[in-house]
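Take a look at the model below.

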Amino acid sequence: MTAALDGIRVIDMSRVFAAPVGAQILGDLGADVIKVERPVVGDDGRGYGTAWVKGKDGVDTRQSSFFTVANRNKRSITINHSKPEGQHIIRKLVESADVLIENFKVGDLKRFGLDYESLKVINPRLIYCSVTGFGQSGPMAALPGYDGLFQATGGMMAVTGIPDGKPGAGPLKAGPSLVDFVTGHNTALAIMAALIHRGKTGEGQYIDIALLDTSVAMVSHIMQDYLISGFPPPRLGNGGNGGGPADLIEASDGIVYLTAGTDEHYRRLTVLMKQPELFTDPRFDTNFKRGRTGQAELIEIINMWSRTLSVNDLLASLDGAGIPAAKYNELADVWNEPQVQHRGLRATTPHPHAEAGSVDLIASPLAHMSASPATIRYAPPMLGEHNAEILCDLGYDDTRIAELSAAGII
């Protein structure tokens, strides 16, 4: 199959997570992504996380879980862009590039003549995307920003956590770096839109992506509730955002998430529980009561029934009645789910430098397009793994490459 972005070259000067995720999505869709890293140090993300890919023959891969999840389908070159010769290499890369992604502090690359205004002189068709915490202008533009800050600033924490009045009540950060992850997707989406625009007009453009913007947009319908009503909806813990009852319920040997979010689903549930009178009970006779005012009381009634059943029996009963429900999984359990296995979400990828000869990656959610699916062509790169390959393509010979390495340029 022909990849959607085959023939598109991306210069990825970004680090850590949000912007690298965006570049990885482009790579998954077929783009040639050249990851530019600092000599010796590399992407800061190589040092993040709690697990590292174990290297063959004791080699330190410098591939943390944080780096590995955001940098497949890329070639790595090390360039010291603070040196004139390093800047020259990047400019030569830009000559044939379609996209450049960076997430340096606002104005930082301008000092080296690597900002959009400077590079578009070399390549007017260049799409240049800057990813920062707060955007390119405004009173907070110069401030650094990380995922947790934006979960706090943008409102996500305000609507996540245990409801007021219950033990442990208060705002809570989501476990994964969700703002970073969604910002990466917004980055890729904006770049693909810019590529379509360029196809129509021949023009490149500048893209300003901010984690702040993503963090506010992610609060979505809950923030819209506030904009319409002027009142902030309460934190719901594990409660659903739509109808109720929706929450974790207990089985005799595990936990199940239940969403009986319509009147019909709830009616079927009361029949299944052999308590049909609950359907017209004035405490629970509207969606709002079941999901808000009577939520805790109703969930406890449901638990008294569900605790008499195993997880398998509970799910079989709910599925048989057409009531949406799912087993709660620990991380290890996810990979035993038949549908997860059917969808191929654990993508074992050859890795020539790994002790195991491969690395398990998380498959792209875009892998099921009929004509141009996302694919994993190769594992995340070792630091500077493709220096010679990329520089040879730019016209550098072995002698010059060795000189650049000795001088700390690459």
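In what sense do strand 3 and strand 4 pair? They pair in the antiparallel sense, over two bridges. This is a predicted model: local features need pLDDT of at least 70, side-chain atom pairs count only at pLDDT 80 or more, and totals for chains, interfaces and linings use all residues. Residues are numbered from 1 along each chain as its sequence is written, and side-chain values use heavy atoms, with hydrogens and water left out.

**Strands 3 and 4**
- Strand 3 covers residues 52-54 and strand 4 covers residues 60-64. Strands (E, at least two residues) and helices (H or I, at least four) are DSSP runs, numbered from the N terminus.
- To pair, two strands need at least two bridges found by DSSP.
- Lys54 stands opposite Asp60 in strand 4.
- The two strands form a hairpin with five residues between them. In the turn, Asp57 has a positive phi of about 55 degrees.

**Strand 5**
- Strand 2 (residues 32-37) runs parallel to strand 5, joined by five bridges. Glu37 stands opposite Thr78 in strand 5.
- Five of the five residues of strand 5 (residues 74-78) are buried, so the strand is largely enclosed by the rest of the structure. Buried means under 20% relative accessible area, exposed over 50%, and partly exposed in between (1.4 Å probe, protein chains only).
- Lys74, Ser76 and Thr78 lie on one side, Arg75 and Ile77 on the other.

**Helix 12**
- In helix 12 (residues 311-320), Val311, Leu314, Leu315 and Leu318 are buried.
- On the other side, Asn312 and Gly320 are exposed.
- After helix 12 comes Gly322, with a positive phi near 75 degrees.
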